[in-house]
Amino acid sequence: MQTETDKINLLDLNQQGLKDFFIQMGEKPFRATQVMKWVYHEGVVDIQQMTNLSKVLRDQLDSMAEIRLPECVTEHPSADGTRKWVLEMADGNRIETVFIPEKGRGTLCVSSQVGCTLNCTFCSTATQGFNRNLSTGDIIAQVVFANRTIGVKEGRAELPVTNVVMMGMGEPLMNFDNVIRAMEIMNDDIGCGISKRRITLSTSGVVPMMLRMREVCDVSLAVSLHAPDDELRDQLVPINKKYPIKTLLGACKHYVEGKPRRRVTFEYIMIDGVNDSRKQAKQLVRILEGVPAKVNLIPFNPFPQSDFRRSTAEAIQAFQDVLVASGLTTIVRKTRGDDIDAACGQLVGKVHDRTRRQQKMQQQKINVRGLMQ
Ligand code: SAH
């Protein structure tokens, strides 16, 4: 158990913020670059080890600031090499972060909130309720933690985390400022140095924030679509009632407008008997016409509170065939780490729930049964 402190968490600051911080201390702004290189390139979080800062400055920094990492409560290694960490923050909330190694790259699935407010019916994070937004420091600390824990492989200059997907717990666009600042640090060469194309933000479709993001930090965009019509999407992704499919797809088009070769990734969970028919595949093709798109089919990952079932392999194949025949690039996302509950939609952490979501879910579960054929 960590203790909460009043010290400034240097991970909360992007390069400009850190420069301002040093200027306020009466120091030169280049100190920001030095500190960031220690943290993000070398994985050093002990200020006293930052040997190119004078002892006087280190002591001064130590007295007012820190680099706050969460505590790892458990590590679950999966048979397929995926690693899931349960990370506890100073206030006792726990989040989950997943590292997915693949040939030539390492993808980190990062959480943005403790719990989630959106209540999607197929997602286990939703059953946890909501406690708070993660700070910028809480978000970027997941990357620092993963790089430190895995370590730089011998003979490879690259850090282990080469790609980030904002697809962990929470809706990143409901925590806009902190997520954007964290992504700036990920992208900054003095920070994690990950190109924008290798940072993907996944949203359930918070349209106004998608439009704002385009202006400030145009990372790769993924959208959790999951249904080809409003009637079904209203039930699976309730925020659809506020921002229906037409509005959402308009925002998607706008996001990649004027950027040749860029496409929006549409995530589509395959749920048996709910959204996986050939007719629905054709409907999906129709609504995506004119949108620079690729589709990621995600076999539904079960969790105890859900009655939904994963589509059969044949249904997934047939669905994919319809999309591919229409010219849509479509892949079926490999399920990674499901033996350790690290797969999409299985991240739960420990949320000191401030809502009454857990109670409400019980009621919803009853309603959801009505959706299944
Ligand atoms: N709130 C954001 C970020 C979470 S991303 C979003 O909705 O996009 C997590 C991805 O996993 C989303 O595409 C989500 O829809 C999907 N997902 C959630 N529950 C799932 C489940 N049980 N099985 C498979 N995918 C799931």
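**Figure 1. Two domains in one chain.** Domain bounds here come from an automatic or database domain assignment. On that basis the chain of this predicted model is divided into domain 1, residues 8-66, and domain 2, residues 71-372. The C-alpha centres of the two domains lie 33 Å apart. Domain 1 gives 15 residues to the contact between them, and domain 2 gives 16.

**Figure 2. Helix 1 against helix 2.** Helix 1 spans residues 15-24 and helix 2 spans residues 30-41. They pack at an angle of about 125°, with axes 8 Å apart. The two helices are therefore oblique to each other. Their crossing is right-handed. Helix 1 makes the contact through Gln15, Leu18, Lys19 and Phe22. Helix 2 answers with Arg31, Ala32, Val35 and Met36. By class, the residues of this contact divide into 5 nonpolar, 1 polar and 2 charged.

Figure 3. Strand 3 covers residues 71-77, and strand 4 covers residues 83-88. They pair in the antiparallel sense over 6 bridges. Pro77 has Arg83 of strand 4 as its bridge partner. The hairpin has 5 residues between the strands. Gly81 takes a positive phi there, near 95°.

Figure 4. Strand 13, residues 293-299, pairs with strand 14 in the parallel sense. The pairing runs over 4 bridges. Leu297 stands opposite Val332 in strand 14.

**Figure 5. Helix 5 against helix 6.** Helix 5 takes in residues 176-187, and helix 6 takes in residues 207-216. The packing angle is about 30°, and the axes are 12 Å apart. That angle makes helix 5 roughly parallel to helix 6. The crossing of the pair is right-handed. Phe176, Asp177, Ile180 and Met183 form the helix 5 side of the contact. Met209, Arg212, Met213 and Val216 form the helix 6 side. The contact residues comprise 6 nonpolar and 2 charged, with no polar residue.

**Figure 6. Helix 6 against helix 8.** Helix 8 consists of residues 245-256. Helix 6 and helix 8 pack at about 5°, with their axes 10 Å apart. This pair is therefore roughly parallel. From helix 6, the contact draws on Val207, Met210, Leu211, Met213, Arg214 and Glu215. From helix 8, the contact draws on Thr247, Leu248, Ala251, Cys252, His254 and Tyr255. The classes are 8 nonpolar, 2 polar and 2 charged residues. Met213 of helix 6 takes part in the contact with helix 5 and in the contact with helix 8.

Terms used
Residues are numbered from 1 along each chain as its sequence is written. This is a predicted model: local features need pLDDT of at least 70, side-chain atom pairs count only at pLDDT 80 or more; totals for chains, interfaces and linings use all residues. Side-chain values use heavy atoms; hydrogens and water are left out. Axes are lines fitted to C-alpha atoms, for helices over the stretch in contact, and angles run from 0 to 180 degrees between N-to-C directions. Angles under 35 degrees count as roughly parallel, over 145 as roughly antiparallel, 65 to 115 as roughly perpendicular and the rest as oblique. A crossing is left-handed if the near helix is turned anticlockwise from the far one by less than a right angle, and right-handed if clockwise. Contact means heavy atoms within 4.5 Å. Ala, Val, Leu, Ile, Met, Phe, Trp, Tyr, Cys and Pro count as nonpolar, Asp, Glu, Lys and Arg as charged, and the others, Gly among them, as polar. Two strands pair if DSSP finds at least two bridges between them.
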